[in-house]
Amino acid sequence: MRPHQIPGKQILTGFLGKDVLFGSAFLIRLTLVFYGVYQDRTMLVKYTDIDYQVFTDAAKYITEGKSPYLRATYRYTPLLAWILTPNIYITDLFGKLLFIAGDLVAASLMYRILLLRGLDSRKACGCCAFWLLNPLPMTVSSRGNAESLVAGLVLGTMYYMEKKHLAKAAVLYGLSVHMKIYPVTYALPIVLHLQSSQSHEKGNTDVPKQRKADGFWRFFLRLFSRDVLLFAGVAGGTFAALGLVFYFSYGQDFLKQTYFYHLTRRDIRHNFSPYFYMLYLTAESEWSFPLGLAAFLPQLLLLLVISFAYYKDLVFCSFLHTAVFVSFNKVCTSQYFLWYLCLLPPIIPLLRMSWQRAALLFLLWLMGQGLWLAPAYFLEFEGQNTFLLIWLAGLFFLFANSVILVQIIAHYRTGQVTRKIKLQ
């Protein structure tokens with residue numbers, strides 16, 4: 001080898017340096033933001049997400065001293081509209097810049113969690129590259145979607161839970177549930193995890209057989225342990241304080257649009273959900289509402305099983321929770337995938353899976369989306385009736401997601417989590 005030649009492995013090692021990786025990820029996202037300005041001005045199909053215009057309009061109402069819910073289809077917390085008021089005062093690109101910064105904050109938290117779990121910096125950066133160089137989060141944040149903010153709050157909760165800083169974790173958790181409803185499903189795994197940690201610290205891991213009959217009673221008593229009460233009090237207080245402020249500011253509109261709408265939502269437009277066609281066909285039926293409620297049952301049962309099976313590894317349990325919640329939800333769109341993809345990098349090191357198997361599962365996931373997108377295109381842009389094909393593709397995508405989750409569970413080594421807690 002000539003002296004001036006640099007081996008490919010050395011190049012890769014240099015690229016996986018933290019500063020280079022994060023800097024490259026930021027520049028790519030920044031380029032996409034400015035490309036979006038060009039496409040919006042010159043092309044019929046806009047780059048910017050329609051939701052971003054909704055956010056901006058709601059922020060404009062805030063600056064005028066009005067309710068953000070005067071903007072039709074604004075169904076988010078007023079906090080988001082308040083955060084985006086610089087869209088009006090400074091530049092309409094502020095929100096996009098904030099969202100791509102949120103991507104980097106989320107990646108930074110992944111990096112810190114991986115260090116706590118025993119990885120060195122280079123390997124941690126390799127796992128974070130899955131998020132930083134992934135086209136999906138790049139596109140979603142640069143188009144003006146706020147999912148990166150929620151991802152950062154969820155990862156912040158996981159990070160401080162690993163560090164045993166319960167008050168900080170609770171504040172972020174309360175804020176994340178305020179921003180989006182879905183993290184509320186982590187409540188049971190968090191309680192079980194806190195109970196398990198406290199029991200382990202007291203050396204109560206081995207219970208005589210004669211005392212197992214009162215296991216339920218001991219479980220009930222641990223619901224009122226110091227750690228559980230601290231977390232519940234701070235998280236509940238954070239959520240309640242924000243809710244009260246906005247309820248007194250905007251009344252019933254806040255509750256209806258931020259929470260109740262999403263709980264009772266029955267979206268009959270085409271989406272990845274296996275339930276969409278059923279809800280579409282029964283939209284005018286008296287059975288529409290009961291069927292919508294019944295769709296929660298598979299979610300609920302699976303989330304309960306996962307909670308009790310994997311609560312000891314909270315990050316892994318939360319990943320499974322979110323993937324199941326999204327896959328079996330009544331509404332499922334591409335941006336929802338980020339809810340669980342942001343929790344995948346911290347668990348990658350404990351997946352004992354060959355690259356060939358991982359690549360095959362990734363191709364299966366992409367194929368599921370491709371099979372759905374083809375008939376969806378003909379429905380949306382060609383006006384052809386492809387509802388049945390979309391539904392069948394949605395069922396296949398659910399099957400693909402289920403296979404992937406089973407494989408991840410089968411190849412994950414929960415007992416090998418090694419935390420290097422650094423008290424600061």
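1. Arg 117, Glu 162 and Asp 313 are linked in a network of salt bridges, a salt bridge being a side-chain nitrogen of Lys or Arg within 4 Å of a carboxyl oxygen of Asp or Glu. By this rule the count comes to eight salt bridges.

2. This is a predicted model, in which local features need pLDDT of at least 70 and side-chain atom pairs count only at pLDDT 80 or more, while totals for chains, interfaces and linings use all residues. Residues are numbered from 1 along each chain as its sequence is written, and side-chain values use heavy atoms, with hydrogens and water left out.

3. One of the salt bridges joins the side chains of Arg 143 and Asp 49, at 3.9 Å from N to O. The pair links distant parts of the chain, 94 residues apart: Arg 143 is in the loop between α8 and α9, and Asp 49 is in the loop between α2 (18-42) and α3. Helices here are DSSP runs (H or I, at least four residues), numbered from the N terminus. Arg 143 is partly exposed because its relative accessible area is 28%, whereas Asp 49, at 11%, counts as buried. The cut-offs are under 20% relative accessible area for buried, over 50% for exposed, and partly exposed in between (1.4 Å probe, protein chains only).

4. Glu 147 and Lys 180 also meet in a salt bridge, at 3.4 Å from N to O.

5. Glu 64 forms a salt bridge with Lys 66, the closest N and O atoms being 3.7 Å apart. Glu 64 is partly exposed at 41% relative accessibility, and Lys 66 is partly exposed at 40%.

6. There are three cavities of 30 Å³ or more. On a 1 Å grid over the protein atoms alone, a cavity is a set of points where a 1.4 Å probe fits but cannot get out; a pocket is an open set with protein on both sides within 12 Å along at least five of seven lines; lining residues have an atom within 4 Å of a point. Grid points are joined across faces, edges and corners, and a volume is the space filled by probe spheres set on the points.

7. The largest cavity has a volume of about 120 Å³. Its lining has 13 residues, with Phe 55, Tyr 76, Leu 80, Ala 146 and Lys 180 nearest the centre. Helix α9 (147-162) and helix α3 give two or more residues each, and α9 has the largest share, three residues. By class, the lining of the largest cavity divides into seven nonpolar, three polar and three charged residues. Ala, Val, Leu, Ile, Met, Phe, Trp, Tyr, Cys and Pro count as nonpolar, Asp, Glu, Lys and Arg as charged, and the others, Gly among them, as polar.

8. The second largest pocket has a volume of about 1,100 Å³. Of its 33 lining residues, Phe 130, Leu 344, Ile 348, Trp 355 and Ala 358 are the closest to the centre. Elements giving two or more residues to this lining include α1 (8-15), α7 (121-132) and α20 (355-382); α20 gives the most, with eight residues. The lining of the second largest pocket has 27 nonpolar, six polar and no charged residues.

9. Thr 56 is in helix α3 (residues 50-63) and is buried, with a relative accessible area of 12%. Thr 56 and Asp 92 are 36 residues apart in sequence and 7.6 Å apart in space, C-alpha to C-alpha.
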